[in-house]
Each structure stands twice: as structure tokens, then as C-alpha cells.
Amino acid sequence: MDIAIIGCGPVGALLGNLLGAEGLSVDIYDRERDVYPLPRAVHFDGEIMRLFQSAGLANEIKAFARPGTEGTHFVNGQGRTLVRRQHDDMASHNGWTASWYFHQPLLEGALRRGLARYPNVRVHLGHEVGSVDELGHRFVIGCDGARSLVRHAIGSRRIDLGLNQPWLVVDLLCDLESARVQAIPAYTLQVCDPARPMTAVNVGPARGGWRRRWEIMLMPGDDPAHLTDPEVFWPMIARWLGPEDARLERAAVYTFHSAVQEGWRKGRLLLAGDACHQTPPFLGQGMCAGLRDAANLSWKLGAVVRGEAPDSLLDSYEVERRPHVRAFIALAVDLGGILQETDRAKAAERDRSYDGSIRTYRYPQQQLGLGCRLDQPAPVGTIFPQPCLDDGRLMDEAIGRHFAIVGDAELLKGLRTSAVVLPGVGTEWLAEHGAKAAILRPDRYIFGVARTRDELLAATRRSPASFGLLWCEPSSS
Ligand SMILES: Cc1cc2nc3c(=O)[nH]c(=O)nc-3n(C[C@H](O)[C@H](O)[C@H](O)COP(=O)(O)OP(=O)(O)OC[C@H]3O[C@@H](n4cnc5c(N)ncnc54)[C@H](O)[C@@H]3O)c2cc1C
């Protein structure tokens, strides 16, 4: 037994799949038997679909997730757009559409079914872990959500980034025949109305109609216990829909938090997902961040458990991931400040400050903190694009769970290496970045780039953390 994962939410379940593919012996525990039934995530991005691809689950997930190119608009109380997500962000770098909308229970079901492919992964549902000491001396990964037991055992320090606000979250099953349903914009609406801030998301087809998400900020005087009473709920969204257009499917009140922990590892204990960071959902990225954690951690755990890399490789995990988590939460808090303004005078002043212009924002792209990569500027530390190869496959299919070297065919000729070599792949993109070859880690993040063969050979030897995982020699001929 190599690894225990506490929590079989989306992060624990994806990590279980990735570690199953690494061939490790894994036990996953969850106190609940069924997936969480109340409304939570509805959006993931193209990098996350690429990650599902790496877990061999993209086709299954594509069958129920809706690709979305409509974007997000922050509108004022009169419906004028103040802020929107930059359109060129929609062009996918990862070989997949840049935004997907989905129903979280379906996703969690697909991830759990994926675990059944691995005889080396055992799932213990209805099993609450009371203490990490119960799990023996193996690695214990806390994917145990916002009230993490493992986080307490580590004693990590919470950094509160300032936003803590209750919201009502409901899923509606809408009647597609309704003219009012058809009139709602297809893009995500962030309604910055000081009378009642809210978010409306176009989720996708569902049995019994079309699912739309409404997230509605609680205002002073609201009684959380009665917010979904018909006479309270429908008037709040009357400008779009009424009970004749849609049926309330499920609802919950959450307090949105913005916090990141310092201390994601202590010896054999590690954290991933909501256990080590929580963001308000305005960017649709909380779960995505946790799934990126799983991707970063899985190949490192595989290498360390198999003895191919030193234990210190695991120390690069938090160093690499935390800056991106913080950047996303900071942007969500910033945009949340626009959305959650309830002072009418300040909201009017805010609207005037836009003076007819529209602010745009992009998703912060991850550049890994300085962990297992060369100390070079971007694109080193960013994710390499995923082109389609001449044989029709997406690039990652040709690489599997290995290091890879891509780039100029002449420069790579005759190279003897443990990495998968893909001559001629990504050369134009590399040329735009002043390089001829790139070394990709098993999670497709760029370990280093090179302009010459000597630089490439030197690069493969420069990271002690990658010792044993990657070697490279000149041609023997
Ligand atoms: C309203 C809302 C909207 C959101 N929208 C988005 C979105 O659009 N996109 C996005 O990316 N994210 C979104 N999120 C965030 C996303 O839902 C969470 O980040 C994600 O579910 C966290 O996954 P996790 O696996 O880390 O934790 P969880 O899903 O909380 O799973 C933790 C699991 O651990 C189990 N557990 C805990 N303690 C123990 C124990 N001691 N023993 C055994 N089992 C235990 C629990 O039963 C649970 O199943 C949203 C969240 C909310 C609330």
C-alpha cells in the first residue's frame, strides 16, 4: 500500500485515476457513499479537459459536458457590459475548447467509474477517517475539502484573501419552448446590480429541459431558510424567468470564501483541492485549481514511490502551484468587488468610471513557481500547446506519462534519451519564443527550452529533482 487519499470528491477521484495509471497501490476513503448532490461547479477550462484526456476519460466526459464559446459579461443594473472575459482567451491552446459547462454529479460519477479500471485502486465509500494515524506509514493525501482533517494534522497557516459572503445557489430546469428562456443571453451573466447581485450561467441540456444556474447574493434581511419559497424566489429573477418557464431542481446556501493555505506538505502528509485553497466561484475555477493540483502531484508521487526521484521532488509541489492559485483567487476577489457592490451611490460611480468602455480580463495562465524546472523566463514553467500530430492523434496521446522532448528535427536527430522524442512538433510555437527544442514534464509543463543541442543536453542534467526521471546523451553514432 503506497498511498491513502482521504476524500473522493472530484480532486480525490481524479488523483486516484492518475495514481492508478502510475501503477501505485492506492486506497481512497470517503465518508459519504454517494457523490455530493447539491449544486456546485458548472464550468471547467480547456486545460482541465486535457487533463481528463490524460486520465483516459475525455470522451466519456465530452458526452455530457457542453463546449461553450459565449464568454462572460459583467453587466450593471441596466444590463450594460462593464467587464468581459477577453475573447482571444477562447481560442484553445490545449487541443480542446477553452470552456466547458457541466453538471458536477455527472463528472464525479465519471471519475469514480474511471477508478474501477485499476485493480491497484481500492475505493472505501461510507468510511470516515478519524485520524491520519489510522492509515499507517504511507503517503496520505488530504483531498478532504474545505474542513480538511489532514490540513489540521499538517498545521498549515490560512491566508484569508478578504471575501467571505453568503450566496444562494440554485439550478433550474428550463423549458426550451419558453420564449423567455430563449431570450436569455447564452453567455454567463454577472449581474452587478446593487439591488441584488447575481450570476446566471447557461449550463446545458438536462433530462427534463435545459439546466441554468442562478447564484444570488444574500442581502440584509434575507432569511436563508425561506429564500427558495416560491413567493420569495421567483420575484428575485422575475426580469428573466417565472415559474411557468422553469422548475427549481436543487438549491443550497453557501458562504463563498477566498483563502489559501501555506503548508501543503509535512512529511508523508499532503493536501490538494479545497483542502488547501478556496475561491469564490466567479471565475468557475475552484475545482479546476484542485484538479491542477492532482496533475502536478500525481507524476511526482509516482516517481518518488518507485524510487526514480528523491523525496524532495514533492517539495516542489506547493512552490509550483501556490502562485497560480493565489493569482486566480486575487482576480476572483477583484471581480467579486465589482459584482458585490450594494451601495447604490458607489455602484453609480463605478458605472460612470467605465465611461462607456469595457474592461477585459484573461484567465491567469499558470507559470509554475521555481520547483522542478529550469530557472528561465516563460514559456518555461507554462503548459506546452497540444497540437494535432500528422497521424491525427493529439500530441499527448503520443507521449503518455513520460518526459518528452519536442522541436527541431535536425537538433533532435540521433538523441539517446529516456524521454519520448517528437521531432518536428511545436517548432513554429518554439520559434516564436526564440527556442528550437523544449523538454516537457509528464504533466506537459515546460521544464526547459534550448536553442542548441548542447543547451538541450545541459538542460536535462540541471535539475537534481528530475534525477533518474530524465537522461539524455548525444548520439552513439
Ligand atoms: C456554488 C459553487 C459553484 C462552484 N462553481 C465552480 C465552477 O464552476 N468551476 C470550478 O472549477 N469550481 C467551482 N466550484 C468549486 C468546486 O465545487 C470545489 O472546488 C470542488 O468541489 C472541490 O473538490 P474537492 O475534491 O477538493 O473537495 P470536495 O468536493 O469537498 O470533496 C471532499 C470529500 O472529502 C470527503 N471527506 C472529508 N473529510 C473526510 C474524512 N475525514 N473521511 C472521509 N472522507 C472525508 C467528503 O465527504 C467529500 O466527498 C464551485 C463551488 C460552489 C460552492
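Predicted model: local features only at pLDDT ≥ 70, side-chain atom pairs only at ≥ 80, totals over all residues.
Which strands does helix α9 (residues 316-339) lie across? Residues are numbered from 1 along each chain as its sequence is written.

View A. Helix α9 lies across β5, β6 (81-85), β10 (157-174), β11, β14 (246-262), β17 and β18, and runs at about 125 degrees to β14. Helices (H or I, at least four residues) and strands (E, at least two) are DSSP runs numbered from the N terminus; axes are lines fitted to C-alpha atoms, for helices over the stretch in contact, with angles running from 0 to 180 degrees between N-to-C directions. The sheet is open and of mixed pairing, with its nine strands in the order β17-β14-β10-β13-β12-β11-β5-β6-β18, and its edge strands, β17 (277-278) and β18 (359-361), each pair on one side only. Two strands pair if DSSP finds at least two bridges between them. Strands β5 (residues 72-76) and β11 (residues 188-192) run parallel and are joined by five bridges, with H73 opposite L189 in β11.

**View B. The packing of α8 against α9.** The contact (C-beta atoms, placed from the backbone, within 7 Å) involves A289, R292, D293, N296, L297 and K300 of α8 and Y317, E320, R321, V325 and F328 of α9.

View C. Three strands form an open, antiparallel sheet in the order β3-β7-β4. Two bridges join β4 to strand β7 (residues 99-101), and R66 stands opposite Y101 in β7. Helix α2 (residues 46-54) packs on this sheet, touching β3 and β7, and its direction makes about 80 degrees with that of β3.

View D. Among the 35 residues around the ligand (C-beta atom, placed from the backbone, within 6 Å), G7, G9, G145, G273 and G286 come nearest. The elements that give two or more residues to the shell are α1 (10-22), β2 (26-30), β3 (43-45) and α8 (286-305), and α8 gives the most, with four residues.

Methods
Contact = placed C-beta atoms within 7 Å.
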